Amino acid sequence: MSLKTDLTSADLNEIRRSALGAADPLGVAAELADAVDAGRLADQADAGYALALAAEIAESRAKFDAALRYVDRAVEAYGTRDDSETGAARALRARILFQTGHDDEAMAELEPLRPLLTRYPDASAYLSSALDIGKRARLAEQWLTEAVQSTLAERDSAEPANAEDAGQLFFLLQQRHRIRHAIGLPHDNHDNLAERLETRLANATAAEAATEHELVFFPQAEFERLRAKWPAATAYGESFDEHRAHLETELVRLAGAGRVGLAVLPGALDGLTGDPAEAKTRAAYARQLAASSRRISWPPERNAACWCGSGNKYKKCCLPRSRG
Ligand SMILES: [Zn+2]
Ligand SMILES: [Zn+2]
C-alpha cells in the first residue's frame with residue numbers, strides 16, 4: 001500500500017477504519033510517520049493524529065517499541081493542546097507504557113488527564129481503557145464514581161429526562177456501569193440510572209428509525225406507477241408535488257432538530273411487497289431501503305440540480321416547497 005500525496009483528515013479517518021484489517025498494517029503505520037516527516041499532510045495540525053494512529057496500529061500488533069516511538073512523537077506534536085484528542089493520545093501513551101511494564105510512568109501520564117472526565121464524553125472511554133489495561137479497573141471505577149458525583153452535584157435535578165439531556169453524565173454512567181459489571185460489583189443507584197438512560201436512548205433510537213419511512217422517495221415515474229397501482233394508498237402523498245413537498249418539509253424539520261447526514265431513500269414500485277396503504281408495509285420497505293447504500297443526499301447546493309430529479313435548480317424547485 002502506498003499512501004497518496006496529501007493526506008486529509010478524512011483520509012486519516014478512513015485509514016483508521018481500514019488499517020487494522022490491512023495486509024501490512026505496520027507498513028501503513030510506517031507510511032503514516034513518513035507522511036508526517038515529509039510534510040505530506042494536507043493539514044499540519046493533523047500530525048499528532050496521524051502519529052497516534054500509527055501508534056495504535058503498532059500496538060494492535062503488539063509491536064510496543066514501535067508503538068511507543070510513534071506515540072511519543074504524537075504527544076510531542078500535540079504539545080500543550082488541551083483538548084480531548086490530545087488527552088486520547090496521552091491515554092494511549094499510558095496504555096502502551098503499561099504493556100511494557102512502565103506502570104509508574106503510565107500513571108504519571110494519566111493522573112493529569114483525570115479532569116477531562118467531566119469535560120469530554122469520550123474521555124471516560126479512553127481513560128478507563130488505559131486503566132483497565134494497566135490492571136487498575138477498580139481505580140477506574142473510583143475515578144468515574146467521583147466524576148459522576150461531581151457532575152450530579154452541579155445539576156439541578158437528580159434524574160435527567162433522557163440520555164441526551166444527561167449529556168456528559170450519561171457517558172460517565174455508562175462507562176462506570178460497564179466496569180462495575182466487569183469487576184463484579186453489585187448494582188447501585190448510579191447503575192440503575194445508567195440502565196434507565198440506556199433503555200431510553202435505545203427506545204429513542206428505535207423511534208427515530210421508525211420515522212425513516214418519512215424519507216422514502218419515489219422518483220416521479222415510480223410515483224405515478226405507484227398511484228396508478230394503489231389508488232387508495234395516499235400515505236406517500238396524493239400527487240408527486242405533495243410527495244416531494246412532504247419530504248422537503250420533513251428534511252427541513254430534521255435538519256432543524258440537529259440531524260446531519262440527511263438523505264432520501266430512493267424507492268421503486270417493484271421493490272414494494274404488499275399494500276402501501278398499510279403502515280407495516282411502508283415501514284418494512286423503509287427498513288429495506290435504509291439497509292441498502294442508495295441515498296440521495298440532502299440538501300443540494302441552492303443552484304445545483306434538485307434532489308427530486310426534476311432537473312431544475314433546487315432553489316426554484318423543492319427548496320420553496322417546505323414553506324408551502
Ligand atoms: Zn447493569
Ligand atoms: Zn425538486
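Colleague: Are phenylalanine 217 and tryptophan 307 buried or exposed?

Modeller: Phenylalanine 217 and tryptophan 307 are both buried, where buried means under 20% relative accessible area, exposed over 50% and partly exposed in between, with a 1.4 Å probe and protein chains only. This is a predicted model, in which local features need pLDDT of at least 70, side-chain atom pairs count only at pLDDT 80 or more, and totals for chains, interfaces and linings use all residues. Residues are numbered from 1 along each chain as its sequence is written, chains are lettered from A and ligands numbered from 1 in the order in which they are written, and side-chain values use heavy atoms, without hydrogens and water.

Colleague: Why is phenylalanine 170 called buried?

Modeller: Phenylalanine 170 has 5% relative accessibility, so it counts as buried.

Colleague: What makes phenylalanine 171 partly exposed?

Modeller: Its relative accessible area is 35%, so phenylalanine 171 is partly exposed.

Colleague: What makes phenylalanine 170 and phenylalanine 171 an edge-to-face pair?

Modeller: Rings of Phe, Tyr and Trp (its six-membered ring) pair if their centres lie within 6.5 Å; planes under 30 degrees apart count as stacked, over 60 as edge-to-face and the rest as tilted. Phenylalanine 170 and phenylalanine 171 lie 5.8 Å centre to centre with 65° between the planes, so the pair is edge-to-face.

Colleague: How do you know that phenylalanine 217 and tryptophan 307 form an edge-to-face pair?

Modeller: Their centres are 5.0 Å apart and their planes 75°, so the pair is edge-to-face. Phe217 and Trp307 also belong to one aromatic cluster with Phe223 and Phe240.
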